[in-house]
Structure formats: structure tokens, C-alpha cells
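Below is a short report on a ligand site and on one strand of the fold. Please look at the structure alongside the text.

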Amino acid sequence: MTISNQSLKIAVLPGDGIGKEVMPACMEVLAAAVSSVGAAPMAFEVHNAGAQYYAETGEALPTATLDACKSSDAILFGAMGWPDIRFPDGTEIIPQLDLRMELGLFAGVRPIRWFPGLPRVLTDPRAEGIDFVLIREQTEGLFYARGRGEIINDAEAYDTMQITRTGTERVTEFAFQLAAQRKRRGKAGTVTCVDKANVFSSMAFFRKVFDEVAARHPTLQKDHAYVDALALTMVKKPWTLDVLVTENMFGDILSDLAAGLIGGMGMAPSADIGEKYGLFQPAHGTAPDIAGKGFANPCAMILSGAMMLDWLAARDGDEKLADAARMIEGAVEHTLSTKLAVPMEYGGTANCTEMTRSVISSLSAVRKEVA
Ligand code: ATP
């Protein structure tokens with residue numbers, strides 16, 4: 001356990017594109033928030049990885065960076081990859097997938113919440129109540145096929161989906177634990193298994209194991225949805241959703257759809273959680289179309305930093321870190337709801353630096369409200 005006031009070692013991997021722009025914003029906000037509540041300070045250590053680094057050195061994820069991730073209290077990750085930089089076989093540089101496997105980060109946690117002040121994508125006023133979490137299994141599923149796919153005689157291609165009992169049990173258990181925490185805060189306490197059990201044996205097995213885990217949680221609700229039907233529900237009435245758990249590829253697709261419901265990738269944080277390690281990154285990629293212009297909305301990265309504080313707070317039993325997380329969320333909400341700054345992503349004029357300044361200045365407003 002880390003004792004409060006002893007600094008927490010955070011491995012920082014800014015990566016490529018807008019990852020390099022939103023990461024300093026996140027570090028600044030985290031430092032200000034933890035100092036404001038008197039929590040353990042963060043010792044940020046920046047490490048190399050990504051497509052640009054690969055272009056310069058021939059290595060996408062150096063061993064030194066991986067070792068630093070393993071010896072840190074938590075990992076902050078910006079975004080990695082670049083369209084023109086590829087491995088000799090034509091595949092993209094995606095070290096985040098390697099990190100998930102190396103560190104056993106089996107649960108991709110994607111909270112989707114509408115923030116007051118943001119334009120509503122859906123016209124129904126109930127869309128202001130969007131507040132659900134998508135849990136994506138990330139160590140197997142269809143992504144198991146990465147590096148294993150087969151093209152035979154230029155005539156047929158195969159990618160295999162892997163669903164294991166262990167993998168499904170641990171991610172489902174994680175989803176139920178999260179639903180229990182949310183229920184304590186007044187949410188429904190329902191976990192929906194998102195699958196395609198009507199067609200695929202692998203998905204029928206996923207659902208069977210889900211049901212077995214659900215039976216251990218009699219105080220929570222379980223539900224099932226086929227992935228196609230769930231995609232429709234997400235657009236028609238997303239305010240009815242609570243916690244969703246799904247296979248890797250379905251989760252990949254649904255998480256971008258989910259971010260679209262709240263208007264953009266720049267408001268969608270995420271966490272990759274394993275038994276031992278936690279990595280926190282925005283749901284967005286490197287955004288080559290806006291990279292280098294300073295336009296990126298840093299909120300997703302900043303909110304991912306708040307998720308890191310919550311994870312560390314639970315790990316170490318340190319309430320001050322949880323207070324700092326609430327302050328950050330409150331400051332983002334204050335910035336948007338008072339229109340202190342409106343991100344360019346949402347038609348406003350605030351660039352990355354201006355958004356960061358506004359969130360930091362809102363920290364003190366939130367602190368006064370809390371006091
Ligand atoms: P990847 O394949 O890594 O997901 P991508 O380019 O397909 O990369 P994103 O990088 O997430 O996907 O970008 C999708 C769109 O969302 C782009 O138009 C991008 O400019 C926009 N976008 C993503 N993140 C942000 C952000 N933080 N602020 C503003 N716009 C963003």
C-alpha cells in the first residue's frame with residue numbers, strides 16, 4: 001500500500017499526434033487537484049513509445065518503457081499510431097494492444113456521460129440523463145486473431161475468435177462489481193451482456209458464463225442484448241443503460257458509437273484495468289486531422305486522469321485521491337456548464353490550452369462549493 005504524502009510514480013506515455021497535446025493538460029490538472037486536496041503528489045515520468053518513436057528507432061514499445069510501466073503505481077497513456085507509419089507487413093503501430101496483453105489489462109472501462117453545457121446530439125431531453133459504462137473485454141475475443149489471421153491462396157481468409165471461461169468470468173465479475181458501486185450511488189445496478197449468442201457458439205458460451213457469474217450477485221439485475229439490438233437501443237434510448245459487458249471487437253465498435261452520443265471523442269475517457277496494473281487513456285486516437293494545431297479537446301484525457309485517481313484511491317484506501325478525482329470531474333463540469341470555455345470540438349473557440357486553463361481555474365470554484 002502506498003502511504004499518503006509519499007509520491008505516486010506515474011508512467012506517462014504521451015505517444016503520437018494529439019496524445020502529445022492532451023497529456024501535458026492532464027498532468028497539469030492532476031498536479032493542481034492533488035495539491036489542492038493535500039493528497040500524495042504525483043511523480044510523472046515520461047517514456048517513449050509509439051509510431052513516431054518507431055520511425056526514429058525501429059522500436060514501437062521499448063522494453064525500458066514496458067518495465068517502467070510495470071514498476072509504476074499507474075500508467076497515463078495519450079494516443080499512439082500514425083497513418084503513414086507502419087510495420088513492414090503494412091499493419092499499424094498499436095502498442096496499446098501489446099500493453100493490454102503484456103499487463104493483462106482485461107477490462108476496458110468506458111464511461112459515457114452527458115455533461116451539462118454540451119450540445120445534445122439526441123433531441124430527446126432524456127438524453128441529458130445518459131450515464132452508462134461500457135466494459136470491453138480486451139485480452140481475447142476477435143482480437144485474439146491479431147497476428148494469427150490466415151489468408152489461404154488469395155481465396156479465403158480466417159480470423160479466429162477466442163472466448164475463455166477465465167477471461168469471461170473475470171470481466172463479468174468486474175462488471176458486476178462496478179454495477180454494485182454504481183447502485184450505491186443510486187444507479188440501477190443492472191449489467192447487460194452484449195453478445196450474438198443466437199448465432200455463434202463462442203457468444204453462447206460467453207452468455208452462459210455471464211449467467212453463472214450473475215447468479216453470484218442476487219442483489220443486482222442481469223439483462224441480455226444482441227449486439228445489433230443494443231446498437232439500436234444506444235441510439236434510441238441510451239438513458240436506460242447502466243453497465244454493459246461485451247467481447248473485444250463489439251466493445252471496440254460500440255465505444256465509438258457511445259462517444260458519438262455525447263458529441264465527440266474528446267469527452268470520452270477510459271481505463272484499462274487488470275489484476276495488478278491500471279492504464280488510463282482517452283477513448284480517442286491520435287486524430288491526425290487536427291494534430292499539431294492545438295485544437296484537441298483535453299477533457300477525455302483529463303477525465304481519464306480522474307479515473308486513475310479513483311483507481312489509486314481504491315487500491316490504497318486513500319480518500320484524498322478520490323476527493324481530487326471528484327474535484328476534477330466537477331471542474332470539467334463547471335467549465336462546460338458555465339460556458340467558461342467551449343471546446344472547438346463542440347463549435348466553441350477554446351483550444352487545448354484554453355480548455356486546460358479553464359479547468360484549472362474551475363478547480364478552485366469547485367473546491368469552494370465543496371467546502
Ligand atoms: P484511431 O484509429 O486511433 O481511433 P482515428 O483517427 O480513427 O484514430 P480518432 O483519433 O479518435 O480516430 O479521431 C476520430 C475523430 O474525432 C477525428 O475527426 C478527430 O479529429 C476527432 N477527435 C478525436 N479526439 C478528439 C479530441 N480530443 N478533440 C477534438 N476532436 C477529437
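His284 touches Ile18, Val22, Ala79, Met265, Gly266 and Ala300, leaving out residues up to four places away in sequence; contact means heavy atoms within 4.5 Å. The model is predicted: local features need pLDDT of at least 70, side-chain atom pairs count only at pLDDT 80 or more, and totals for chains, interfaces and linings use all residues. Numbering runs from 1 along each chain as its sequence is written, and side-chain values use heavy atoms, without hydrogens and water.

His284 sits in the loop between strand 12 (278–282) and helix 9 (299–316). Helices (H or I, at least four residues) and strands (E, at least two) are DSSP runs, numbered from the N terminus. His284 counts as buried because its relative accessibility is 8%, and buried means under 20% relative accessible area (1.4 Å probe, protein chains only).

| Residue | Residue atom | Ligand atom | Distance |
|---|---|---|---|
| His284 | polar side-chain atom | nitrogen | 3.3 Å |
| Ala287 | polar backbone atom | oxygen | 2.9 Å |
| Asp289 | side-chain N or O atom | oxygen | 2.8 Å |

The protein covers 63% of the 610 Å² of accessible area that the ligand has on its own (Shrake-Rupley method, 1.4 Å probe).

Now to strand 5. In strand 5 (residues 131–137), 7 of 7 residues are buried. Strand 4 (residues 107–113) runs antiparallel to strand 5, joined by 7 bridges. Arg113 stands opposite Asp131 in strand 5. Strand 10 (residues 243–246) runs parallel to strand 5, with 4 bridges. There, Leu244 is the bridge partner of Leu134.

Notes:
A polar contact is a pair of N or O atoms within 3.5 Å; within protein, one must be able to donate a hydrogen and the other to accept it, and residues adjacent in sequence count only if both atoms are side-chain atoms. Buried means under 20% relative accessible area, exposed over 50%, partly exposed in between (1.4 Å probe, protein chains only). Two strands pair if DSSP finds at least two bridges between them.
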